[in-house]
Amino acid sequence: MGPIRESFIFEFLYCHLSLEASCSSVRILNIAFIPENLSWISFTLTAFFWIFVFINAALVGVLMLIWGERRLIGKFQARLGPNRWGPLGLFTPVADAIKVMFKEDIEPTLSDKLIYVLAPILMVVPVFMIFPVIPYGTKTFLTNISVGVVFVLAITSINSLSVLMAGWASGNRFAIIGGIRAVAMLLSYEIPMGISAAGVVIVAGSLSLSEVVNNQVIPNAIFQPLGFITFLIASTAELNRSPFDITEAESELVAGYMTDYSSMKFGLFYLGEFMATIASSAIIVTFYFSGWRGPSFIPSEIWFLAKWIGVIAIFIWFRATFPRLRIDQIMSLAWKGLFELSLINVLVLALMIAIWPDPSGIQLLIMTLINWVVFFLSIYIFGKILSPNLTGNKITKRSVVYGLD
Amino acid sequence: MLKDYFDHYAIIGFYLAIAISVPIGMIVLSKLAQFIKVRPSNPSKLKESMYECGMKPETERWQGFNIKYYFYALLFVIFDVETIFLFPWAAKYGIWSKEFGLMFFLSMFVFLAVVTLGYVYAWKKGDLEWN
């Protein structure tokens, strides 16, 4: 973790505020006015400006995602999607936000007032905290902490606490069933997520996210497909998104842990979920799609953005494609399938690196090939072992047509 | 070196402060809208009772839940600690496997094998089944 001024966006603003001697080469306009001995003021001002930009970008990103997701799902289902407010329905999420703000706020009498209010706040805060540690370009990052991978995994696991708090504090039986189910699912999927992230760390040789990107010669999605698939499935579950949206199974649990929430508090849960999709996609791009790396004729930030949008589109595609899983299927997928698959991925990778510590080009190619062979073999074997438990009864043509069994 | 460290974490600290104040601000703003009568507030006893099906609730708030959740929580504690142990090993793997060779791999393999034995035991006991 180098000095903070390695970050281009930070240095640019800092040098237009501070009169430091080392800044003169960066300055374009001579508008600096803060003397050198008060550098902490320019540091704080710069930091707060970029924090303001990042948080607003995240909020605008959520509005864009809500619009994009509804449009795309509309296309998938051969209907129009939102198209009334603004061109192509672009202002629909804005109207949604205003509506949520001015809805009546109902606080159930049985609720635990303090925790009831704290839960939606705790849902949003950790998701915000992912954005400052991600490297968006060669020199575009806000902070570059040396324990980025652990930080990201630790921060994302806080939302299970928020879900449990919401479910417990609402004083509603649907809420508590939904909350406990959600926590059981989130906890189970945290383990394969962590173990497959260890595979990324082995390749990077460091816990820093910028090193993870720097050392990804072959994108990890190609180099270790098994780790990528387990991480992708686990993060879909962590996001409570379809097909793992068991907590919000409307037909059985009303809205799960959000049943008794209304107005802005419900809006915060909504915001937190969509922002988590954006943040999680940024993590996947950094871990498995080699972050900002790409042919240099396009700026690195554009590469990152393109991959980012692509991964978000994968999540939307999942939602449009897969039917919801049952809770027993979800748990057995996590504990009997993904757990071993991620362990196999880490062990095979570690064994190969122990044999070839400094792989040359051809050796890297062989390693990738072995990883793909292991990928297909282990998926096939575990599919054979788990299929009776995962799919339940054998699906016949009759059961598909008449909805029997 | 130490200054760089504090610079990075100071920004994370500022960011945390702002990130906490944004959702609180949203809730407060929405509350303020109620005081200037933009947002309706007509509480009634039935409206504030717990939601059951839209009618007057008949049952109690509390109810039992499946013991299975405890097994999963216990298993989670065991295997999450295992995950945490993986990270320092993985971060230094590239460097130290050059020095110690296969020994560095085997030391982790033995640890994972011991934990996996416990996992197999839990599976055989039926703790991973959802019934």
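Helix axes here are lines fitted to C-alpha atoms over the stretch in contact, and angles run from 0 to 180 degrees between N-to-C directions. Keep that in mind at each helix pair on this tour. The model is predicted.

**Stop 1: inside chain A**

Select α7(A) and α14(A). Their axes cross at roughly 10° and come within 9 Å. Angles under 35 degrees count as roughly parallel, so α7(A) runs roughly parallel to α14(A). Now color the contact between α7(A) and α14(A) by residue class. You will find 19 nonpolar residues, 5 polar and 1 charged.

**Stop 2: all of chain A**

Count 16 helices and 0 strands. Along the principal axes, the C-alpha atoms of chain A fill a box of roughly 75 × 65 × 40 Å.

**Stop 3**

Switch to chain B. It has 5 helices and 0 strands. Follow the chain along its sequence and the pattern reads α-α-α-α-α. Chain B has a radius of gyration of 26 Å, but a compact globule of 131 residues would have one near 14 Å. The C-alpha trace of chain B spans about 70 × 55 × 15 Å along its principal axes.

Color chain B by domain. Domain 1 covers 2-48, and domain 2 covers 68-125. How far apart do the C-alpha centres of the two domains lie? The distance between them is 40 Å.

**Stop 3: where the chains meet**

Show both chains. Select the contact residues: 69 in chain A and 57 in chain B. Which elements give two or more residues to the chain A side? They are α2 (39-76), α4 (113-128), α7 (173-204), α12 (263-288) and α14 (327-355) of chain A. The helix α7(A) from the first stop gives the most, with 14 residues. By class, the chain A side that touches chain B has 47 nonpolar residues, 13 polar and 9 charged.

**Stop 4: α4(A) against α1(B)**

The crossing is right-handed. From α4(A), pick A:V117, A:P120, A:I121, A:V124, A:V125 and A:F128; from α1(B), pick B:A19, B:I20, B:P23, B:I24 and B:I27. What classes of residue make this contact of α4(A) with α1(B)? There are 11 nonpolar residues, with no polar and no charged ones.

**Stop 5: α12(A) against α1(B)**

The crossing of α12(A) past α1(B) is right-handed.

Label the residues that meet. On α12(A) they are A:S263, A:M264, A:K265 and A:L268; on α1(B) they are B:P23, B:M26, B:I27 and B:S30. This contact of α12(A) with α1(B) has 5 nonpolar, 2 polar and 1 charged residues. Finish by highlighting B:P23 and B:I27. Both belong to the contact with α4(A), and both also meet α12(A).

Note on methods
Residues are numbered from 1 along each chain as its sequence is written. Chains are lettered from A and ligands numbered from 1 in the order in which they are written. This is a predicted model: local features need pLDDT of at least 70, side-chain atom pairs count only at pLDDT 80 or more; totals for chains, interfaces and linings use all residues. Two residues are in contact if their C-beta atoms, placed from the backbone, lie within 7 Å. Helices (H or I, at least four residues) and strands (E, at least two) are DSSP runs, numbered from the N terminus. Ala, Val, Leu, Ile, Met, Phe, Trp, Tyr, Cys and Pro count as nonpolar, Asp, Glu, Lys and Arg as charged, and the others, Gly among them, as polar. A crossing is left-handed if the near helix is turned anticlockwise from the far one by less than a right angle, and right-handed if clockwise. Domain bounds come from an automatic or database domain assignment. The radius of gyration is taken over C-alpha atoms; the globule rule is 2.2 Å times the number of residues to the power 0.38. Angles under 35 degrees count as roughly parallel, over 145 as roughly antiparallel, 65 to 115 as roughly perpendicular and the rest as oblique.
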